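Dear colleague,

Please find below the structure I promised to hand over. My notes on its backbone and on one of its helices follow after it.

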Amino acid sequence: MANQPIDVLITLPYGEDLLEPLKNMSPRLRIHHLAVKTNEDIPNNVWEQAEILYTDRVLPLPGTAPNLKWVQFNNAGIDHVTHLPLLQDSTITFTTLSGAVAPQVAEHALMMMLALGHKMPEQHALQAKAEWPRDRWERLKPLELRNSTVGLVGYGSIGREIARLLQPFNVRILAAKRDAMHPQDDDYEIEGHGDPKGDFFARLYPGEAIKSMIKECDFVVICLPLTPITRGLIGEDVISSMKPGAYLVDVSRGGIIDHAALIAALQEKKVAGAALDVFPEEPLPASSPLWKMPNVLISPHVSGISLHYASRAVAVFSTNLHRYLHKMPLLNQYDPLRGY
């Protein structure tokens, strides 16, 4: 019925400043805010009533939430839960935060491209030794981002925001996405950000042509979701397609790049350097040779962190909640056939 109450369960530790606009969106909404860590912390009657769930990892056990129709995750990538039985329930719609984290991840990727190209790892090592090299003009000659060719492996919200940020650098942008026949993006994007119509790339490649694209690139940025298809996608054959002077930046998910192949390519100088934010095993073991490589920048899976994470996340949920109330298709829907 049109006026029937809708019970919304929110398990995230958000303050009233973020929750109040949700409560005021419609008199039909009954917001239950329980900032908890496990599903056992939710009373049975709350699970039974919940029609909408906004959470990160707190999910009901099968059969405990019979009225559940929609789960909004507080993550852009949900590969950590796609194996759970709940995600196989075709009667429930699952949505992600795709688009909400794009600004900070794109800035991180841009920073890493500039740092690698301008040889910041080597300059930092020289600083640690208080060394002023006489051959600095040759030794520290940069690969400028300006007028370079950048390949974006994955052209979702993050790849599109990177492309937007690169516009002042007069960069030639090549991009690869699963469905190259549809360059537009219909999922959530922050107004004024990204590339919703697909205007910023010089050429769009299908996923099968990644090697052909990478051969032309000075910088390669991996910004794919982790799925059964993308796991191990960037292996020895793809890495060997890179120019010897090119740099690799990974802001995707651990498991997409074959790190054994990458380490070998870095050691043999078949790749000039890499900036890595994600790893197959996290934390990255202290025994990994990546820690001591002079041409590698390591960050501990922090590219998505932002002072504005909560407000951007709630903005996505608010947009989808409005659409739900008006029986419109929800944005960022998880597709089990795609894996994201």
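Pro283 is found in the loop between strand S11 (273-276) and strand S12 (296-298), where helices (H or I, at least four residues) and strands (E, at least two) are DSSP runs, numbered from the N terminus. A cis peptide bond, with omega about 0 degrees, joins Glu282 and Pro283.

The model is predicted, so that local features need pLDDT of at least 70 and side-chain atom pairs count only at pLDDT 80 or more, while totals for chains, interfaces and linings use all residues. Residues are numbered from 1 along each chain as its sequence is written, and side-chain values use heavy atoms, with hydrogens and water left out.

Most residues other than glycine have a negative phi, and most peptide bonds are trans. In the segment after helix H10 (309-325) lies Lys327, which is not a glycine and yet has a positive phi of about 55 degrees. Asn332 also lies in the segment after H10, and its phi is positive, near 65 degrees. Lys327 is exposed, with a relative accessible area of 79%, whereas Asn332 is buried, at 2%; buried means under 20% relative accessible area, exposed over 50%, and partly exposed in between (1.4 Å probe, protein chains only).

Helix H6 (residues 157-165) is largely enclosed by the rest of the structure, because 7 of its 9 residues are buried. These are Ser157, Ile158, Gly159, Arg160, Glu161, Ile162 and Ala163. What covers them includes helix H3 (102-117), strand S6 (149-153), strand S7 (172-177) and strand S9 (219-222).

Kind regards

Notes:
Contact = heavy atoms within 4.5 Å.
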